Amino acid sequence: MITPALRSTHCRHAAQDESTTAWALAARGGDTVAVDHLVRALHRDVRRYVAHLCADPQAVDDLAQDTFLRALGSLHRFEGRFSARTWLLAIARRAVTDSYRYAAARPRLSDVPDWQLAVEKAQPRGLPGFDDGIALLDLLAALPEERRQAFVLTQLLGLPYAEAAELTNCPVGTVRSRAARARETLLNQLDEHART
């Protein structure tokens, strides 16, 4: 059963997807104002998706920027068969994958003996919601990759199941099942945590 809040969120995302797709098609034709609207409308979604895919919080902004640069460079090929958001998130996934490949091919050396401790000390502490955010990230990280991806795409980013299925190259029913199992696992873990 779809609650009024979920229906409202879905309608809002559907309207946003129509607008962003129209802006992408207009931008493809050279409309610079449409490019600005497109980037502003989807920047947050791309950044959130990249943050969930990427293990390096310092790289999120660079990867989001790389996503938009790639998208604008290939805008002439955008045909509008799927929403612009789905198209951009697919590009974001490839940008993150490419960054992992690049990092694996070119490992960086650290001049700090205990680099993990240095990174942990550099992380901000005491911010409102910081611990809750870390706890949520830990819970999400404990999910199997397929379930986490389905949950992030459909529940956090609000993609329709069909678009999430297209993005992940699997059937819609599989995406629904993975998202439901992820949601169930997260709720069980939160209940266990609340009891302790």
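Arginine 70 is partly exposed, with 30% relative accessible area, where partly exposed denotes the range between buried (under 20% relative accessible area) and exposed (over 50%), computed with a 1.4 Å probe on protein chains only. The model is predicted, and local features therefore need pLDDT of at least 70 and side-chain atom pairs pLDDT 80 or more, whereas totals for chains, interfaces and linings use all residues. Residues are numbered from 1 along each chain as its sequence is written, and side-chain values rest on heavy atoms, with hydrogens and water left out.

Across the whole structure, nine salt bridges are found, a salt bridge being a side-chain nitrogen of Lys or Arg within 4 Å of a carboxyl oxygen of Asp or Glu. One of them joins the side chains of aspartate 45 and arginine 85, at 3.5 Å from N to O. Because aspartate 45 belongs to helix α2 (residues 32–53) and arginine 85 to helix α4 (residues 84–105), this pair ties together parts that are 40 residues apart in sequence; helices are DSSP runs of H or I with at least four residues, numbered from the N terminus. Both aspartate 45 and arginine 85 are buried.

Arginine 70 forms a salt bridge with aspartate 98, with 2.9 Å between the closest N and O atoms. Since arginine 70 lies in helix α3 (residues 60–73) and aspartate 98 in helix α4, the pair links parts 28 residues apart in sequence. Aspartate 98 is partly exposed at 29% relative accessibility and also forms a salt bridge with arginine 101, the closest N and O atoms being 3.3 Å apart. Aspartate 98 and arginine 101 are three residues apart in helix α4, about one turn of the helix. Through shared partners, salt bridges join Asp66, Arg70, Asp98 and Arg101 into one network.

Technical notes: Helices (H or I, at least four residues) and strands (E, at least two) are DSSP runs, numbered from the N terminus.
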